[in-house]
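My entries follow in the order I made them.

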Amino acid sequence: MNGSKLLQAAALALIITLGGANIVRAETGQLRIAQQFGIAYLPLIVASEKGLIEEEAQALGIAPPKIEWLRLSGAAAMNEALISGGLDFATAGITPMILTWDKTRTTAKIIGVAALGSMANILTTNNPNIKTLADFTEKDRIALPSVKVGFQPIVLQMAADKAFGKYDKLDELTVSMPHPDATAQILSGHSEITAHFTSPPFSQQQLASGKVHQVLNSYDVLGGPHTFNVVYSTTKFVNDNPKTISAFVRGLDRANEWIKANPKEAAALYIKAEGSKLTPDFVESIIRDKDVNFTTAPEGAQKFADFEAKVGLIKQAPASWRDLFWSGLGEKPGS
């Protein structure tokens, strides 16, 4: 082969190599995000309505992905869709996410992408004799979205562990029931349900009725603010799409800033997007609540993981909360 042909061959090889590298570096052209219902998902609603993720993608020099917003209920459905490749981002409570992170360490390798915010969950009761956890009897029933492994039951176990030194002491009193149904039953006063461990807006609705009172606040159990819900994905998707992940988190950060600066407008946006029957003033009061903070920085993640390891829900706790999340969040003041 003469020199000219050698140069042509080398040039062709270089083009193929660079082309292959570009294919490897190419970001996804679509983003499938699943969310559940409730005010905890307000940052996603704002980011969607205002096109913030697309704007941030463009600012980072990549083509804005075509975003498909999906509605799924429950961590089980989320995880199945995520692991099967039918979903890119799932959303759920931080405690179920940690369970999935542990179970998929050698398979899908689930990893947190961002927190959606910190929100206090409240254990309420319509029984005037119940002031503390020690006052519950075998006649009481505590409604939760899912027993034993959901967010609220794990926090209840943490509280029982502190109060009695026996984390599962109240488990036999818990009943699986959706928040709306449990709210209706506890307010009716004609049900076996005498308590409900719930989240905004249901906790605020119940307390505002005057028919129930607070037994405990999850912030007190954790010793401070904690993340409620998170967005997570597979490690492969995160590693293959670093700019898309950055654009997503930056978009959420902008959404959070807008919510805090415009609570009235945020309330109206939420009601419209959700078709909610709640009044604008009521939703705005939740957004302004001192125990509600929309932020992508995880809070209390390590405490949740340490407890889940302590009681055997996960095999081993992470060395740091940063092990649970995308590396880009490591720069944030998480815990």
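**Strand β5 and its neighbours**

I began with strand β5 and found that it pairs with strand β9 (residues 213–217) in the antiparallel sense over four bridges. Strands (E, at least two residues) and helices (H or I, at least four) are DSSP runs, numbered from the N terminus. Two strands pair if DSSP finds at least two bridges between them. The model is predicted, so I kept local features only at pLDDT of at least 70 and side-chain atom pairs only at pLDDT 80 or more, while totals for chains, interfaces and linings use all residues. Residues are numbered from 1 along each chain as its sequence is written, and side-chain values use heavy atoms, with hydrogens and water left out.

I looked up T124 and found Q214 as its bridge partner in β9. In strand β8 (residues 195–198), the partner of T124 is H196. β5 and β8 also pair in the antiparallel sense, over four bridges.

I then checked burial (under 20% relative accessible area counts as buried, over 50% as exposed, in between as partly exposed; 1.4 Å probe, protein chains only). Both faces of β5 (residues 122–125) are covered, with I122 and T124 buried on one side and L123 and T125 on the other. In a regular strand the side chains alternate between the two faces of the sheet.

**Strand β1**

β1 (residues 30–35) is mostly covered, and I noted five of its six residues as buried. β1 pairs with strand β2 (residues 66–71) in the parallel sense over six bridges. A34 stands opposite L70 in β2.

**Helix α2**

For helix α2 (residues 42–50) I listed L42, P43, L44, I45, V46 and A47 as buried. Just after α2, G51 has a positive phi of about 65°.

**Helices α5 and α14**

The axes of α5 (residues 94–103) and α14 (residues 301–310) come within 10 Å and cross at roughly 60°. Axes are lines fitted to C-alpha atoms, for helices over the stretch in contact, and angles run from 0 to 180 degrees between N-to-C directions. The two helices are therefore oblique to each other; under 35 degrees counts as roughly parallel, over 145 as roughly antiparallel, 65 to 115 as roughly perpendicular and the rest as oblique. I94, T95, I98 and L99 of α5 make the contact with A301, F304, A305 and E308 of α14, where contact means heavy atoms within 4.5 Å.

**Helices α12 and α13**

The axes of α12 (residues 263–274) and α13 (residues 280–288) come within 8 Å and cross at roughly 120°. α12 and α13 are therefore oblique as well.
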